[in-house]
Amino acid sequence: MVEVGCLQMGLVMSNPAFGAREFVSVSVVIPCFNCRSTIARAIGSVLAQSKLPAEVILVDDASSDQTFVCLQEFEAKFPEWILLIRLDKNGGAANARNVGWSRSSKKFIAFLDADDSWHPEKICIQYEFMLNNPSIALSGHQCLFSKKNEIKNKLAIEKIKFTDIGLDYLIFKNAFSTPTVMLKRELGVQFCNGRRYAEDLLLWQQVASLGFLIVRIEAPLAYVHKDFYGAEGLSANLWAMEIGELDNLKFLRRSKKISPFIFLVGSGFSVLKFIRRTLVGLLRKLRI
């Protein structure tokens with residue numbers, strides 16, 4: 001593993017690209033793998049925040065294209081803001097996020113995927129919510145599919161609602177996508193290294209099972225730019241995702257976090273979701 005760059009917050013204010021905006025105690029972790037065509041959009045959405053995260057950690061997961069060169073260019077442009085880490089071996093997004101998480105230094109961690117982006121008010125809204133509600137360990141929010149990079153900048157902030165998310169909910173449904181999540185840095189659990197499917201859901205489930213409070217912000221503050229169950233990326237491998245979800249339930253059962261009854265009901269419901277997702281995918285292909 002090779003580290004490039006430094007994090008010296010005293011120098012961040014000197015970069016004219018930041019203007020007079022406030023920096024808040026958030027570390028952004030972005031796992032990067034063969035993402036040279038999308039990473040500029042992701043980093044650009046972080047740079048466009050009304051309140052800027054104090055640091056951005058880019059973890060190159062042993063990319064085989066020119067991604068690392070592209071990341072070096074961003075690091076050179078923002079050396080006081082960006083920490084660039086290059087992994088010698090591809091370990092998957094969970095491992096890359098954990099590496100970035102372990103190198104972070106701020107109160108909260110926010111995750112962003114290299115092919116997704118954020119609403120300009122995401123950090124401001126979510127950080128203020130977490131800061132003003134110290135009992136909340138993890139929060140997420142809604143996200144929108146935006147194939148054409150369309151961003152809706154106007155939000156009725158005063159009308160935003162919040163929903164408590166417990167383990168019972170997470171047994172049956174993933175409450176949020178990873179690029180919507182902000183959590184406290186010191187939780188005692190991280191993503192499961194080596195897991196490549198449903199590893200995000202497992203972390204949310206573990207956090208809930210430990211008694212931490214989780215909340216969903218009912219506002220679309222992130223954008224996914226490929227189909228959730230489309231023909232590209234991890235979302236396309238529905239069977240592997242299903243195995244991941246079932247493995248999560250097995251883990252929770254072995255840890256005695258759920259009862260045998262909930263395990264059986266949750267497993268059955270997961271299989272039904274898999275069948276539905278598969279049918280939706282087939283219908284989309286037929287339309288094409």
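1. Is Arg103 buried, partly exposed or exposed? Arg103 is partly exposed, because its relative accessible area is 32%; buried means under 20%, exposed over 50% and partly exposed in between, with a 1.4 Å probe and protein chains only. Arg103 belongs to helix H4, residues 93–103.

2. Basis of the values. This is a predicted model, in which local features need pLDDT of at least 70 and side-chain atom pairs count only at pLDDT 80 or more, while totals for chains, interfaces and linings use all residues. Residues are numbered from 1 along each chain as its sequence is written, and side-chain values use heavy atoms, with hydrogens and water left out.

3. Overall make-up. The protein has nine helices and 10 strands. These are DSSP runs numbered from the N terminus: helices are H or I with at least four residues, strands are E with at least two. Of the 288 residues, 50% are buried. Take contacts (heavy atoms within 4.5 Å) between residues at least 6 apart in sequence: 83% of them join residues at least 24 apart.

4. Salt bridges of Arg97. The structure holds nine salt bridges, each a side-chain nitrogen of Lys or Arg within 4 Å of a carboxyl oxygen of Asp or Glu. Arg97 pairs with Asp113, with the closest N and O atoms 3.0 Å apart. Arg97 lies in helix H4 and Asp113 in the loop between strand S5 (108–111) and strand S6 (116–118), so this pair ties together parts 16 residues apart in sequence. Both Arg97 and Asp113 are buried. Arg97 also forms a salt bridge with Glu199, at 3.2 Å between the closest N and O atoms. Glu199 lies in helix H7, so its pairing with Arg97 of helix H4 ties together parts 102 residues apart in sequence. Arg97 counts as buried because its relative accessible area is 4%. Glu199 is buried too, because its relative accessibility is 6%.

5. Helix H8 to helix H9. Glu245 and Arg277 meet in a salt bridge, at 3.2 Å from N to O. Glu245 lies in helix H8 and Arg277 in helix H9, so the pair ties together parts 32 residues apart in sequence. Glu245 and Arg277 are both buried. Elsewhere, salt bridges that share partners join Glu22, Lys51 and Glu128 into one network.

6. Helix H9. H9 has 28 residues and spans 41 Å from its first C-alpha to its last. That is close to the expected 40 Å at 1.5 Å a residue, where the 1.5 Å is multiplied by one less than the number of residues. Its buried residues include Phe263, Ser270, Lys273, Phe274 and Arg277. H6 and H8 are among the elements that cover the buried residues of H9.

7. Cavity. A search of the whole structure finds one cavity of 30 Å³ or more. A cavity is a set of points, on a 1 Å grid over the protein atoms alone, where a 1.4 Å probe fits but cannot get out; lining residues have an atom within 4 Å of a point. The largest cavity holds about 40 Å³ of space, a volume filled by probe spheres set on the points, which are joined across faces, edges and corners. Its lining consists of Leu170, Ile171, Leu201, Gln205, Glu245, Leu249, Ser270 and Lys273. Helices H6 (167–172), H7 (199–209), H8 (238–254) and H9 (260–287) each give two or more residues to this lining.

How values were computed: 1 Å grid on protein atoms, 1.4 Å probe; cavity = no way out; pocket = protein on both sides within 12 Å on 5 of 7 lines; lining within 4 Å.
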